[in-house]
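Please take a moment to look over the structure below before reading on. The notes that follow are grouped by topic.

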Amino acid sequence: MLSDTQVLVNTDSADLITSIEQLRSVLPAITDSMAATMAGIAQRYTFRLPRFYAEKILLNDIHDPLWALALPNAGELADTGEERWDAFQLADRAVNHPRWIQKYRYEALLRVTDFCSGLCRYCYLKNRDVTPGRISHQEIDAMFDQAEQSPQRRELREIILSGGDPLAVPAGVLEHFAMRMDRLNKTVSRRITVTIHTREPVWYPQRILGNAALHQALKKLSPASYILHVVHPREVTPELHQAMLALTELSDSRRPLMMSQHPLFRGINDSAAIITDMYDRMDSGPVVFKPYYLIHPFPDGTLPEHRLTLLESQKILRDLASAPGTRVPLLTIPTPMGKCVIGPYEQLTDRGGYYLLHTKDGVPVQYAISPHYDPAETREHIPIMPEIHRAAVV
Ligand code: SF4
């Protein structure tokens, strides 16, 4: 479960809603019984929502589908907490540290914090043992000291800063990363780039806009790309465009790629029309933008009523595919053994209750076919094949 180990600074305290009572002052359509349910769920899974998101993006309407993504609801109790997305890592990874997640020899992901300004109700991390709190300078040094000594660093091509949200950490943390990235890059012949995964420009763009210390740190870090987590057309605000522009303009040269990824949810963004509208709005601003990943829902974390079958996700991709390649995302299926990517016209064959998929590295995965959510379902239904996994990564 995500913890609130970080002390909010004063501006955050005013800008972040942390109780159902505060929320009702912005969304008075919440009824007494809904408020009671929300408060009960919030006892189990922390509630936090930026005031900006509540006021500018949510509708004061109990039928607004975005309520289920942002406000506590009973569907969350169906989360079994057995998501195994991070469970399997390379035996031969460059760094051994709980915040260093490495499933591929060419890419590592760093969980730099467990904090996000808003907490997505579908977050698969909320019910998991994640390393609490924000990364310290000592932890960064411990990881990069190992990386500098590891022969595996020569295969690394990208380090992803993720979380929680890396744009919600103090600027000093990012400056320290920048310094250690520079040092690490001096030990390899091919540059290791940095990518930042963030939802902060959607939740709370004010944290980015006009934040000189953050800008200074990001200028030093000089990420090659940002992957924005945007799930619905209404989340594309003028403030999001301003934040994208601010992040892009920090670099005088080698401006970062601005991309997006988002899960697919039934009733929220489960049609090519909605997704195209979102992409069009993203692209209507001053920053060039590339749709990157459509993410088939995680078995755990995703609320039961939002789950799609793999064939339904593939149909959405097919409906998006007749467009220039720059406008077409990849459909990725998260599995314990890594991401699988499938094409719009790939034949998915029922092999006795599962599809045979392959990760990006060619590792076979038996992906269970489950057209409807089964509360008894767990990730155990996606068996891993350890002998093949080992063979593939050695
Ligand atoms: S932004 Fe990402 S890490 Fe943060 S709560 Fe949402 S899904 Fe979880």
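**Around the ligand**

In this predicted model, the ligand is surrounded by Cys 116, Leu 119, Cys 120, Cys 123, Leu 125, Gly 163, Gly 164, Asp 165, Arg 199 and His 229.

- Nine strands form an open sheet with mixed pairing, and their order is E3-E4-E5-E6-E7-E8-E9-E10-E11.
- The edges of this sheet are strand E3 (100-104) and strand E11 (338-342), each of which pairs on one side only.
- On average, and with direction ignored, neighbouring strands of the sheet are turned by 25° against each other.
- Within the sheet, strand E5 (residues 158-162) and strand E6 (residues 193-198) run parallel and are joined by four bridges, and in E6 the bridge partner of Ile 160 is Thr 195.

**Two packed helices**

- Helix H7 (residues 171-185) packs with helix H9 (residues 212-221) at an angle of about 15°, and their axes are 8 Å apart.
- Because angles under 35 degrees count as roughly parallel, H7 and H9 are therefore roughly parallel to each other.
- The crossing that H7 and H9 make is left-handed.
- On the H7 side, the contact is made by Ala 171, Leu 174, Glu 175, Phe 177, Ala 178 and Met 181, which meet Ala 213, Leu 214, Gln 216, Ala 217, Leu 218, Lys 220 and Leu 221 in H9.
- The residues of this contact between H7 and H9 divide into 10 nonpolar, one polar and two charged.

Terms used: Residues numbered from 1 in each chain as written. Predicted model: local features only at pLDDT ≥ 70, side-chain atom pairs only at ≥ 80, totals over all residues. Axes fitted to C-alpha atoms, helices over the stretch in contact; angles between N-to-C directions. Parallel < 35°, antiparallel > 145°, perpendicular 65-115°, else oblique. Left-handed = near helix turned anticlockwise from the far one by under 90°. Contact = placed C-beta atoms within 7 Å. Nonpolar A, V, L, I, M, F, W, Y, C, P; charged D, E, K, R; others polar. Near = placed C-beta within 6 Å. Pairing = 2+ DSSP bridges.
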